[in-house]
Amino acid sequence: MSTTITHGDPSLAAASPPPPKRRTARASSVLVYLSPVAMFVVLTLTTPGVLSTTGVMSLLVLASVLGLAAVGQTWAVMIGGIDLSIPATIGMANVLVTTLYAEGWGFPRIVLLVVVVSLAIGTANGLLSSLFGLHPLVVTLGMASLVTGSVLVATDGNTGGDVPGFITDAVSPVGSVWGIGVPAAVILWLATLAVVLLVERRTVFGRRLYALGSNERAARLALVRPVVVRVVVYSVGALCASAAGVLLAGFSGGASVSIGDPYLFSTITAVVVGGTSLLGGAGTYARTVAGVLVTTMFTTLLVGLEIGPNMQQVMLGVAILLLITVYGRDRHVAQRL
Amino acid sequence: MSTPPLEPAVVELAGITHRYGPTVALSDCRLSIAPGEVHGLVGENGSGKSTVVKLLSGIMRPTEGEVRVGGKAVDLRSPAAAQRHEIVTVFQETLVSDECSGLDNVFAGTDGIFRRARSGRAEREAAERVVASLGASPAILQSSPHHLSLAERQVLTLTRALVRPWKLLILDEATSALDLSTRDRLFAVLADHRREGRSVLFVSHRMDELEILIDRATVQRSGRTVGTVGKDEATPARLLSMMSGRSDAGEHHVRAGARSRQAADVVLRGVDLSLVAQAPAFDLDVRRGEILGIGGLDGQGGSHLVEVLAGVRPTASGRVEVDRDGSWTRVTGYRQAFRSGIAYVPGKRQEEGLFPSMTVGDNLSMATLPRHARAGLFRSSSVLTRVREEMTRLGVVPHDPSYPITGLSGGNAQKVLVGRWLAAEPDVLILNDPLRGVDLGTKRDFYALLRELTEAGTTVVMLSTEIEELLTCCDRVAVCQAERVFDVLEGEDLTYDAVLAAMFGRHVSDEQSSDEQSSDHDTHRKVTL
């Protein structure tokens, strides 16, 4: 039995006084992890083409990009913040890769630059939202504008370019790595997932992340340094968003600084659908993964039903509002009173 | 005990009972304020004074009983309703908004929804007159209160009350923020109002102020009204004895005396310590292996003192030093204090202690997790073993580390919080009012635990606002009053009456207190003035 955030073994609870609303929390977490399965069944029934290796892989590639973008959103929400700079960071990485590659830069050099810029964005987000007591909503919004503007200034608005072939391969549904028939993007996502969950569950940092989100004042007194936690959270988020931005370059259609724009709504949707509390202190990236799969399949479903992009937006909006009504009325609110 | 008022009361509380959930804050409270009198209201923490003030200010409504104004039952449903009945209140906290000028603060709430563009000339003149009568400069009305001193801010809140039409002015520890000259001016102003038939309900911990000002006083103890006494009877000695009611001094005296420690072996000390700006400096020694109690009424510096000792709060001046293997190390912050062997259990459990979304095990292990980790990865088994050990030692129910912390009772949650710091095996454990709102069983467990810890060589500093608790478990008690340690009591001097007197800034004379210990109580106690 571990001391993870997820709630404990029901057999132990039997001998204890009735815990508050524990059963409902348990039930809703089962639902969260079952919902991608249910959605997949619905999808295969309505859109038969999905039920093939290529069909599943194209879903997973789409999910990988959203999944990477949503790492930062999940952790930001878990510490009681939010990250609005994710789309701009995606756009930054996307434009840097394509323009610099077209100018003849080597790929490792480009990656190094993207990493440095990402760390700078994350550090600035973390420092500003800690030291001056600014709300992360404002800080990351400002940062988003700063990043997008800087990219446009640096490239003179000329954001088109060229893409290394292996990135195109990485996001191809028929791509493979070391002979395994899984695209590199999906492998990258799975590796990230493993590391993120390990950090959440087995590291001192992970525990401090939850503590900060749960009660900042108490966390300070329990020797947590909020600045350090925030800087790491926003930096990890920026790095993963950049990875998503690089992968997006592999899709045809050319580079754009605004290529990340849909990911503001979709990362928040994935977090909320996963049921991570917007109040912070609880949740896990595993839930977000369920949310990512559900939203990706939902969008595919709408496309399959030949619903246009405008109507898709309406449907997504309705879906998210419905979900928030179901489990957005947080048990933590009640427990904190 | 009670002297009937000569005229019909301005304001009267008749048989008031007030409950917060299952807690009875006020039980059958009787208070009658005559026209033109200054009526003192005294009692320890938890005696129900603030509940009385809140009921009269329209902040809360009584569960049972009647509030009468001019003989008629009224419903003070809101502060605005209290004001319609011409009851105004000034609180200890200087409630001033920095966002608007002093004048706007004074007249806040008098305008309608559509704010007047500018306060009228009449308003300004009225406010200036009051400010001047309190000896302050009318300039404080013009600027933002941001730059004003505490006393000047309190002048603003007093002005806010005095410019309104009032029959009863409630001063709830409102003088503690004032400097002496302003206070004396206020008393003179109040004397004038009194002659005009207005009344004052004066809540204060300062016996000297009560002596100067009041015509009668009502004493509260544990939510009950002990009685009302006239000016002649309302001596500090009489009031203190009415507040204390009973005493267990004899019983505690034996144990406390037997456990006196060597004065030489000091483990933590405050040198020339000043808790807040301009507060008097004092020295304080904490001896190795003792339980030092920190007593005092709320807001008199006790909480500041433990925070300063733990490095959570900076000193206004002076220094705190801890003994590290024979040399004195200055305490500069709580992280550094922790590395020097000091652990601090914060006071407000919900705000400063618990992580509501986490499990018991996570809450308990938070501060010591790095000790079970290599390269940032902790070993769950090692953490859990330690968590279970502490839960067993403290008797946390249920004995389940994966239980949500919010499912525990207050007492058990408090045990988990103490366990978080015990797991660090500190040399000095500083506890900020750990037993507030905790059930009796948990309290008894705690007393035993603290004994056990000190026998193993740990030093304990514990803040408590309850005198009995201090007497039950402490070797010495430092009583804070007016942001300083007023007196440190130990051995034969550590009695209920001595602690109570010190809370109000008095010394019980030695010969008197030793007499008292053998006799039975509710008689007068002599107090040196």
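**Close-up views of a predicted two-chain model**

**View 1. A cis peptide bond in a loop of chain B.** Pro398(B) sits in the loop that runs between α14 (380-394) and α15 (410-422) of chain B, where helices (H or I, at least four residues) and strands (E, at least two) are DSSP runs numbered from the N terminus. The peptide bond that joins Val397(B) to Pro398(B) is cis, with omega at about 0°. Most residues other than glycine have a negative phi, and most peptide bonds are trans. The model is predicted, and local features need pLDDT of at least 70, side-chain atom pairs count only at pLDDT 80 or more, while totals for chains, interfaces and linings use all residues. Residues are numbered from 1 along each chain as its sequence is written, chains are lettered from A and ligands numbered from 1 in the order in which they are written, and side-chain values use heavy atoms, with hydrogens and water left out.

**View 2. Two glutamates with positive phi.** Glu306(A), in the loop between α13 (285-304) and α14 (309-328) of chain A, has a phi near 55°, a positive value in a residue other than glycine. Glu173(B), in the loop between β7 (168-172) and α6 (180-195) of chain B, likewise has a positive phi near 55°. Are these two residues buried or exposed? Glu306(A) is exposed, with a relative accessible area of 74%, whereas Glu173(B) is buried, with a relative accessible area of 6%; here buried means under 20% relative accessible area, exposed over 50%, and partly exposed in between (1.4 Å probe, protein chains only).

**View 3. Helix α1 of chain B and the glycine after it.** Six of the eight residues of helix α1 (residues 49-56) of chain B are buried, so this helix is largely enclosed by the rest of the structure. The buried residues are Lys49(B), Thr51(B), Val52(B), Val53(B), Leu55(B) and Leu56(B). Just after α1(B) comes Gly58(B), which takes a positive phi of about 80°.

**View 4. The largest nonpolar core.** A nonpolar core is a set of buried Ala, Val, Leu, Ile, Met, Phe, Trp, Tyr and Cys residues joined through side-chain atoms within 4.5 Å. The largest one has 155 residues, and those touching the most other members are Leu169(B), Leu171(B), Phe202(B), Leu239(B), Met243(B), Trp421(B) and Val499(B). Helix α3 (residues 53-78) of chain A gives the largest share of this core, 12 residues. Domain 1 (11-234) and domain 2 (250-518) of chain B both give residues to this core, so it lies between them; the domain bounds come from an automatic or database domain assignment. Apart from its neighbours within four places in sequence, Val499(B) is in contact (heavy atoms within 4.5 Å) with Ile467(B), Leu470(B), Leu471(B), Val479(B), Leu489(B) and Leu494(B). A second, separate core of 28 residues includes Ile294(B), Val320(B), Val322(B) and Val461(B).

View 5. Val383(B) belongs to helix α14 of chain B and counts as buried at 1% relative accessibility. When neighbours within four places in sequence are left aside, Val383(B) is in contact with Ser365(B), Leu369(B), His372(B) and Phe378(B). Of these contacts, His372(B) is 11 residues away along the chain, with its C-alpha atom 6.2 Å from that of Val383(B). Pro346(B), placed in the loop between β16 (342-345) and α12 (349-353) of chain B, is also buried, with a relative accessible area of 1%. Beyond its neighbours within four places in sequence, Pro346(B) is in contact with residues including Leu221(A), Trp421(B) and Asn432(B).

**View 6. Helices α12 and α13 of chain A.** Helix α12 (residues 262-274) of chain A packs with α13(A) at an angle of about 115°, their axes being 7 Å apart; axes are lines fitted to C-alpha atoms, for helices over the stretch in contact, and angles run from 0 to 180 degrees between N-to-C directions. Among the residues that meet are Thr269(A), Ala270(A) and Val271(A) in α12(A), and Arg287(A), Thr288(A) and Gly291(A) in α13(A). The residues of this contact divide into five nonpolar, five polar and one charged, where Ala, Val, Leu, Ile, Met, Phe, Trp, Tyr, Cys and Pro count as nonpolar, Asp, Glu, Lys and Arg as charged, and the others, Gly among them, as polar.
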